[in-house]
Amino acid sequence: MERTGSGSRALFPKGPSFTVDDFSNKDFIVRDFIDELAESAVSFNRRSGPALQAFDPKPLIRTFENALQGLGNLSEELQAKESDLLSQARRAESQHDQTIDTLGRKLDQSIDQFEALDLTLNNPAGNERGSRGEAGGNIAVQIGEKLEELDRKRRRALDANFLIQCWLQVSETGELTLLQDIQRQGGSENKVRCAVIAHQLMRISQRLDPTSWGHTNGLYRNGNTNGDSGDERRYNTREILEKFCETLEQDLLKQFNNSYRKQNFDDMKECAKVLYDFNGGASVIAVFVNQHQFFIDRDQLITDEVAMDGETWDQLADPDSEPPGIEPSLQSLIDEVKIVMQEESFIIKRAFPYYETVLIKFIQRVFQQSIQQRLEMVLEKANTISSLAFLRSLHSSRSYIGALVEDLKSHGLTEHPEPCSPQISQTLDQQMEELFVPYIVGNSYIEREKKSLEELFNSLLFKYNIYHSRRKKAPTGFMASLAQQTNQLMASAKDAYLERLESADLTPTQKAMMLRVAGVQETDKNKNDIEVSESEGVLSTAVAKRMLTWLAESVRRTLELGSQNDTPKDVAILLNLLLANMGQVYVETALEAALEKATSQENAKVEPDLGYLPSVRPAVTISSMMDRFINMVLIRLAESNTTVRRSMEAQAKMGIESIEKKAGSIMKSTVDVIVNWVSKSLAQQKKLDFLPKDELSIIESLQTPTCNSICVFLSKGTRLIGQAVDGANLEVFSSELALEIQRLLFEHFKKFKVNATGGLMVTKDIAKYVATLKEWPLSKDVEAAVELLTEIGYLFIIGPEALRERSRNLATGSAGGSGAAKKLVKADFKAFIQSRDDARTVGVQSVLSSL
């Protein structure tokens, strides 16, 4: 907007002037525009200076009217321009539509012309357009196929011509310059062509030059051999061609090696492809595998000694130590194999078109050369340590190599990141199996396990067997015949241990281990005459746990090393070993010793020694441990073979029942020993013990000497019996023994005359007997029967009226208190009353007569 540039403002200023450009400016703001209009309309009093006057709206009105008029003029101008532009747009749109119609007609004409040409080519006979699909085919395609066929024939003709030229050259001049020129040109196609032509020339040589192959070929024509012109042969085409093929192959191999060093995988693949035509790629595979840096480095290290130190070998031979794992040098080799296989599989896939074949050869070389040689060295070294060290090394090596195979399968090798192909997986499994076949074929492995366990068990039980072999046996009798088989097993185990110690093939480490396990010193000259203590002939659950731990480790190795089909038979062998050593030699020997001691004291003249009873408890515990191990581990592993499993179940049942039967015989014999001794002690009771003449002796003595000795004996037996059995077994045993003693006491007190003072002594004796018997865990019926003994004491001290009252509560039945009766029967009541010294008095007789 323009303003007057004079220094003084006019009284009636001109209206503002503006153009369209003022409004099209992007900096235009409506508010600023209005403010400028208002400012231009404000007038000032020149005499009063800047002092404000009263507001006068007229200048503003005139200014805004002029501005509004200017805006109206601009609006009209813009409306005219808009109408002009709309007219131009309609004319351009109409012209565009005409152009589109013209182009559409031309396109339709082109399509019609193309279809007409196509119809002419496909239906030269002039048929209708709808029958084009029934024509003999696309002429253009047929022409193309014919051209391609002609080109192939032309190529074949050129190749045949070149082949004939090469044959004439080699047969007439003894040279192959044409092939050599192609070879010098380089390139994959030229190399392949050289290889193909060389092989074709070899076949031609066999046909047309049979003499160079050492035989004649074909029929005679006009006196000449087929293909022979009659002239003397000048060149040996076979030798020339073979020499050329060999040179070509060597050049290709050299080029392959150079490319391998430069990591030029494309060129390596070209060379490998050409060499595949010579001998199936055998030469290039051999070069790639044999010259691999891994085998060169490992061949230099193959003579290194096994790296494990002496302490680790001792740990490996110690059955009570955890196996230390795989030998370090073998572990290092396997770890390196894993890395090399993963890296080289990447190279093999890029360098060989037949990469699976190359990878299989590489795997075979790694396993059959590097791993197998180191594995043999480790196992040979372990075998010089001990049989257990050999088995543990074999197991750890198999586990580690198995983990290597699984890692390679999951990695995928040439198929990474996908899993290995079935062929590669099969090769890996086959190579691992072939590594260990010499050690696990047939029964060789399980026999090693059996031999190792027998050596350990014989060593552990050596002193135990010596102790029991020196034990005094019963001279003859039924028990001696029962123990004969166990004694034979024990003697054979002891002899086997001594023979093994003297064996020439026993290694120093294994001998030291056997001596340590047996607790024998090397300085002992005659091992059969060493001193053994009584504690070394006692059963121990700790010993049984060691045996089961060794067996469990052996079972684990058998599962991982043995064949799955042979597992039932293998665990059956281990079961027999367990039953023979732990069941018969260890547990049954101790039970037989206890049974012999028990039976020998059934009619003893001195107080029996029940010290054999504590051996029953560990025997039962060990048999329970053994039974649980058999059922939870061994028999479950034989479930795949029903016949073997049933046989194992029968053997285990027979072995456990034999132990339980001998333990039961010991407890039964113990009852007889105690009852017989109590009976013999009761027989020592004096006739006058219950007929004292003065009451002072009754007051001074609490019980009779017989009662005291029997109760002391029974108290000792109570402690030992508690160490033998517990729980329900203890209650059954105690109840049976208490009933037998109650029966003896019942009959015992019928044999003696008792006066009034002696009745007090009887009461004290019976109270002592009852208190002693009630220390045992008895059933309710047996406890009631024992309490019945107290009634006997009362019968000797109460008067006739009290007797009469008690006679009214008698039970019916036969005499004798052998059963678990809760009341006295009339016959027993009468027998006890008749034993009173006042039985002939009127009052007592009236009671007897009332019965």
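Is Thr643 buried or exposed? With a relative accessibility of 62%, Thr643 counts as exposed; exposed means over 50% relative accessible area, buried under 20% and partly exposed in between (1.4 Å probe, protein chains only). The model shown in these views is predicted: local features need pLDDT of at least 70, side-chain atom pairs count only at pLDDT 80 or more, and totals for chains, interfaces and linings use all residues. Residues are numbered from 1 along each chain as its sequence is written, and side-chain values use heavy atoms, with hydrogens and water left out.

**View A. Thr643 and Pro568.** Thr643 sits in helix α24; helices here are DSSP runs (H or I, at least four residues), as strands are (E, at least two), numbered from the N terminus. Look across to Pro568, which is 75 residues from Thr643 along the chain: the C-alpha atoms of the two are separated by 9.5 Å.

**View B. Helix α23 beside helix α24.** Two packed helices are described by the angle between their axes and the distance between the axes. For α23 and α24 (residues 642–682), the axes come within 11 Å and cross at roughly 170°. Axes are lines fitted to C-alpha atoms, for helices over the stretch in contact, and angles run from 0 to 180 degrees between N-to-C directions. Angles over 145 degrees count as roughly antiparallel, under 35 as roughly parallel, 65 to 115 as roughly perpendicular and the rest as oblique. The pair α23 and α24 is therefore roughly antiparallel. Contact means heavy atoms within 4.5 Å, and α23 residues including Val616, Ala619, Met626 and Ile630 meet α24 residues including Met648, Ala652, Ile656 and Ile659. By class, this contact has 13 nonpolar, one polar and three charged residues. Here Ala, Val, Leu, Ile, Met, Phe, Trp, Tyr, Cys and Pro count as nonpolar, Asp, Glu, Lys and Arg as charged, and the others, Gly among them, as polar.

View C. The 21 residues of α21 (residues 541–561) should span 30 Å at 1.5 Å a residue, and the 30 Å between its end C-alpha atoms agrees; the expected span is 1.5 Å times one less than the number of residues. Among the buried residues of α21 are Met547, Trp550, Leu551, Glu553 and Arg557. Their cover includes α14 (387–411), α20 (508–518), α22 (567–599) and α23 (616–637). At the start of α21, a side-chain oxygen of Ser540 comes to within 3.3 Å of the backbone nitrogen of Ala542.

**View D. The loop between α14 and α15.** Pro417 lies in this loop, and a cis peptide bond joins it to His416, with omega about 10°. Leu413 belongs to the loop as well; its phi is positive, about 55°, although Leu413 is not a glycine. At 3% relative accessibility, Leu413 counts as buried.

**View E. Gln263 between α7 and α8.** Gln263 is found in the loop between α7 (237–262) and α8 (265–279). Its phi is near 60°, a positive value in a residue other than glycine. Gln263 is partly exposed, with a relative accessible area of 40%.

View F. Ser835 is in the loop between α32 (826–834) and α33 (842–850) and counts as buried at 5% relative accessibility. A polar atom of the Ser835 side chain lies 3.1 Å from the backbone oxygen of Ala831. Leaving aside neighbours within four places in sequence, Ser835 is in contact with residues including Phe749, Phe752, Val754 and Phe796.

Definitions and conventions: Polar contact = N/O pair within 3.5 Å; in protein donor to acceptor, adjacent residues only side chain to side chain.
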